[in-house]
Amino acid sequence: MIPFKFIFLFFVFWSGVPSLLNAQKVGLLMDSYIIDRWYIDEKLFTSKVKELGGECVVEVPHGDADEQLRLAKKLIEDKVDVLVVVPVDGQKAVAIVEAAKQAGIPVISYDRFIASQDVSFYISFDNEKVGKLQAQYALRKMPSGNYILINGPVSDNNSIAFHNGQLSVLKPYVDSKKIRIVADFVLHGWSELEAMMKTDEYLTNNKAIPNVIIAANDAVATGAIQALPEELVSKVIVTGQDADRTSLKNIIAGKQSMTIYKPIKPLATKAAEIAIQLAKGEHAQGTKLKFNGIEVDAILLEPIVVDKTNYKETVVKDGHISLAELAGK
Ligand code: GAL
């Protein structure tokens with residue numbers, strides 16, 4: 001006679017099998033962890049997928065677009081039900097969407113746009129507005145003078161959107177000669193070091209002292225600030241994005257002027273919900289929006305300006321960072 005406890009354990013196990021078998025398998029393809037935020041994106045996304053009964057497999061190509069394609073093909077072979085991609089290169093990632101389409105797997109373009117009409121869904125922030133808010137903030141603080149723009153790589157469609165947003169706000173001031181864009185750098189990567197070198201190169205070869213550095217994200221801002229001579233630090237208006245810890249500390253210390261906070265929780269959790277819906281073959285509600293002439297279902301979230309006057313009510317209140325972390329070394 002089989003002891004009752006084994007019969008009981010068998011049925012407990014057996015009742016759990018269907019949910020394990022039916023769990024939607026979500027493939028998450030990151031870019032890299034060079035920028036702090038991506039750790040947060042991954043953690044919040046994977047925990048939401050699990051909460052929704054799904055299983056999440058994460059692959060990280062560490063900034064290599066060809067490796068990202070290879071990893072995508074591996075996830076497709078492993079029969080994921082949906083692919084969520086932070087493209088290393090928005091053009092090269094089109095091959096990922098094509099490979100997934102052949103296997104009948106929907107693709108969500110996460111934060112950065114993949115230039116393919118076969119993308120099933122695009123979720124991000126209003127990235128052009130990010131650039132507009134950076135430029136508007138700088139003009140409020142410095143309505144005339146010399147402006148340097150430092151943006152990220154064009155392989156990241158967001159860089160182009162940030163830049164377009166900045167220029168759309170600055171143009172009337174340039175046309176009226178109130179401001180001069182004395183340098184307009186486009187980096188090869190979102191690199192603090194490259195930003196420092198470009199700023200140093202500018203200061204070495206040019207007489208026109210910058211009054212403003214429109215840095216597209218916090219890593220770029222930190223690099224630019226490191227290249228500034230002591231007497232210019234805290235005098236030059238420096239923008240940023242991502243509300244990184246280093247930059248928030250620099251904002252409190254007066255070295256950086258502002259950052260754009262993009263709350264990651266709503267982005268990551270909404271993306272996880274959409275991933276589970278698409279994995280189940282359901283339709284995910286979005287708005288038909290055009291990016292580079294390509295129309296896709298999309299959700300764009302609102303970016304938030306953060307500076308010394310409101311960081312407690314925004315990034316601290318949201319739990320994005322604590323006062324202890326800001327006070328710490
Ligand atoms: C962008 C992203 C920014 C920034 C950058 C570097 O695509 O929107 O938040 O961090 O990548 O990773």
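# A tour around the ligand

Start by colouring the two domains: domain 1 (23–119 + 263–301) and domain 2 (127–262 + 305–327) each give at least three residues to the shell around the ligand, with the bounds taken from an automatic or database domain assignment. You're looking at a predicted model, where local features need pLDDT of at least 70, side-chain atom pairs count only at pLDDT 80 or more, and totals for chains, interfaces and linings use all residues. Residues are numbered from 1 along each chain as its sequence is written, and side-chain values use heavy atoms, leaving out hydrogens and water.

Next, select the shell itself: 13 residues surround the ligand (each has a heavy atom within 4 Å of it). Among the closest are Asp156 and Lys262. By type, the shell holds six charged, four nonpolar and three polar residues (Asp, Glu, Lys and Arg are charged; Ala, Val, Leu, Ile, Met, Phe, Trp, Tyr, Cys and Pro are nonpolar; the others, Gly among them, are polar).

Now zoom in on some polar contacts (pairs of N or O atoms within 3.5 Å). Show Asp242: one of its polar side-chain atoms sits 2.5 Å from a ligand oxygen. Then click Arg112, where a side-chain N or O atom is 2.7 Å from an oxygen atom of the ligand. Asp111 also places a polar side-chain atom 2.7 Å from a ligand oxygen.

Technical notes: Polar contact = N/O pair within 3.5 Å; in protein donor to acceptor, adjacent residues only side chain to side chain.
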